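Please read the numbered points alongside the sequence and the model.

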Amino acid sequence: MTDVRTTLKQGLAQLREAHVPSFTLAAELLLLHVLGRDRTWIYAHPEEEISSTDVERFFALIARRANGVPTQHLTGKQEFWGLEFEVSPDVLIPRPETEHVIEVALDRLAVRELRAGRKPTLSGEGLQIADIGTGSGCIAIALAKEIPGAAIFATDISEAALAVARRNAARHAVADRIHFLESNLLEGLIDRNLANTGRLGVGAQHAAPLLGNAGPDSQARSQIREHGSRFFDLIVSNPPYIGRCEVAALMREVCDHEPEIALYGGEEGYELYAALIAQAAAHLKPGGLLVLELGHNTLPAVQPLLDAPAWTSVALTNDLAGIPRVIAAERL
Ligand SMILES: C[S@@+](CC[C@H](N)C(=O)[O-])C[C@H]1O[C@@H](n2cnc3c(N)ncnc32)[C@H](O)[C@@H]1O
């Protein structure tokens with residue numbers, strides 16, 4: 001038998017030796033996970049004895065963390081926007097900088113209400129929102145919690161990610177307000193006629209077969225078809241934006257453990273933005289808002305795409321490190 005303090009000290013020493021970033025926090029989170037306790041309990045009970053089974057489980061997790069497995073994959077969870085999300089190797093671990101996407105979206109919606117002479121209460125009655133590349137569902141679910149009257153559509157190209165997102169929506173009691181669709185960007189939401197005319201560019205022709213599908217998503221799709229193609233008040237996305245050319249600079253926790261489809265946007269990283277912005281232009285209502293997360297070096301490639309006549313009120317928001325992290329624009 002050993003106590004909490006000694007076990008924690010030994011665990012964090014092993015992580016420090018393995019050069020694990022934030023090794024103290026990682027060791028604490030793993031011990032909390034094994035003991036099923038919260039942080040205050042650990043510091044209030046340093047002398048408490050731990051069973052040999054729990055000690056064994058803890059050091060097995062420490063060994064995996066020292067080998068590069070992210071803490072979140074070992075505990076199965078990550079906090080985002082004050083909510084706890086299930087994460088797995090099928091989804092990107094939600095990052096704190098993505099919370100700026102939520103902040104900008106809420107601010108811009110509030111400004112839109114003020115400009116229309118309404119009080120910015122953000123109950124969101126009648127608002128239609130799309131989250132493209134939803135992953136764990138963190139953006140869609142945070143918006144569903146903040147804007148209780150909005151209907152939300154969330155797409156991802158990965159069925160495995162959508163399964164995690166659906167479980168997270170159920171966990172946060174918003175499953176009935178988010179329609180999850182397996183789709184390449186917004187293609188699954190595209191009106192059959194638009195797709196057939198080719199007006200949406202690359203890949204749009206693949207939408208027609210999807211629209212014909214029966215199944216749980218068909219109701220959501222026909223709802224969009226009924227309202228025409230310019231259906232959304234807000235489209236948000238944190239698309240994959242790392243360049244394959246940058247892989248050598250990535251931490252092993254990222255490149256060895258997070259899904260490639262969630263990380264890489266192409267050789268340079270910014271490749272998905274052109275199609276995403278063109279499709280968003282086709283789907284946003286007049287006055288509708290687009291809010292996109294940016295990679296640390298994607299701004300020069302993305303900003304010119306929003307210089308097109310379709311867009312106005314383009315604005316940038318920096319993250320806490322001073323990097324332009326979110327770009328927002330309004331559809332004319
Ligand atoms: C950077 S992750 C963002 C996940 C989540 N929205 C977040 O902010 O944590 C990008 C997500 O886009 C999805 N994705 C990649 N390519 C896509 C595409 N062409 N169409 C739709 N989703 C795509 C990935 O599966 C992944 O879940």
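1. The protein holds 15 helices and 13 strands. Helices (H or I, at least four residues) and strands (E, at least two) are DSSP runs, numbered from the N terminus. Of its 332 residues, 51% are buried; buried means under 20% relative accessible area, exposed over 50%, and partly exposed in between (1.4 Å probe, protein chains only). Of the contacts between residues at least 6 apart in sequence, 66% join residues at least 24 apart, where a contact means heavy atoms within 4.5 Å.

2. On the basis of the model: this is a predicted model, in which local features need pLDDT of at least 70 and side-chain atom pairs count only at pLDDT 80 or more, whereas totals for chains, interfaces and linings use all residues. Residues are numbered from 1 along each chain as its sequence is written, and side-chain values use heavy atoms, with hydrogens and water left out.

3. On confidence: pLDDT is the predictor's confidence in each residue, from 0 to 100. The protein has a mean pLDDT of 90, with 88% of its residues at 70 or more. Residues 192-216 have pLDDT below 50, and this stretch has 32 contacts in the model beyond near neighbours in sequence.

4. On helix α14: how many of the residues of α14 are buried? The helix spans residues 273-283 and is mostly covered, with 8 of its 11 residues buried. The buried residues are Tyr 273, Leu 276, Ile 277, Gln 279, Ala 280, Ala 281, Ala 282 and His 283. Their cover includes the strands β5 (128-132), β8 (232-237), β11 (284-293), β12 (311-318) and β13 (324-331), together with helix α15 (299-302).

5. On aromatic pairs: rings of Phe, Tyr and Trp (its six-membered ring) pair if their centres lie within 6.5 Å; planes under 30 degrees apart count as stacked, over 60 as edge-to-face and the rest as tilted. The count by this rule is 5 aromatic pairs. In one of them, the ring centres of Phe 153 and Phe 231 are 5.7 Å apart and the planes stand at 75 degrees, so the pair is edge-to-face. Because Phe 153 lies in strand β6 (residues 151-156) and Phe 231 in the loop between α11 (218-226) and β8, this pair ties together parts that are 78 residues apart in sequence. Both Phe 153 and Phe 231 are buried.

6. On the partner ring: Phe 153 also pairs with Phe 232, with ring centres 5.6 Å apart and planes at 80 degrees, so this pair is edge-to-face. Phe 232 belongs to strand β8 and Phe 153 to strand β6, so the pair ties together parts that are 79 residues apart in sequence. Phe 232 is buried, as is Phe 153. Phe 153, Phe 231 and Phe 232 form one aromatic cluster.

7. On backbone angles: which residues other than glycine have a positive phi? Trp 81 is one of them, with phi near 50 degrees. Trp 81 sits in the loop between β3 (77-80) and β4 (83-86), and is partly exposed, at a relative accessible area of 21%. Ala 173 is another, with phi near 60 degrees. Ala 173 lies in the loop between α8 (159-171) and β7 (178-182), and at 63% relative accessibility counts as exposed.

8. On cysteines: a disulfide is a pair of cysteine sulfur atoms within 2.5 Å, and the count by this rule is 0. Cys 138 is buried at 8% relative accessibility, whereas Cys 255 is partly exposed at 24%.

9. On Ser 158: this residue is found in the loop between β6 and α8 and is buried, at 13% relative accessibility. A polar atom of the Ser 158 side chain lies 2.9 Å from the backbone nitrogen of Ala 161.

10. On the ligand: there are 19 residues around the ligand, and those that come nearest are Gly 133, Asp 156, Asn 184, Leu 185 and Asn 238. A backbone N or O atom of Gly 133 lies 2.8 Å from a ligand nitrogen atom. For Thr 134, a backbone N or O atom is 3.3 Å from a nitrogen atom of the ligand, and for Ile 157 the corresponding distance is 3.2 Å.

Methods. A polar contact is a pair of N or O atoms within 3.5 Å; within protein, one must be able to donate a hydrogen and the other to accept it, and residues adjacent in sequence count only if both atoms are side-chain atoms. A residue is near a molecule or strand if one of its heavy atoms lies within 4 Å of it.
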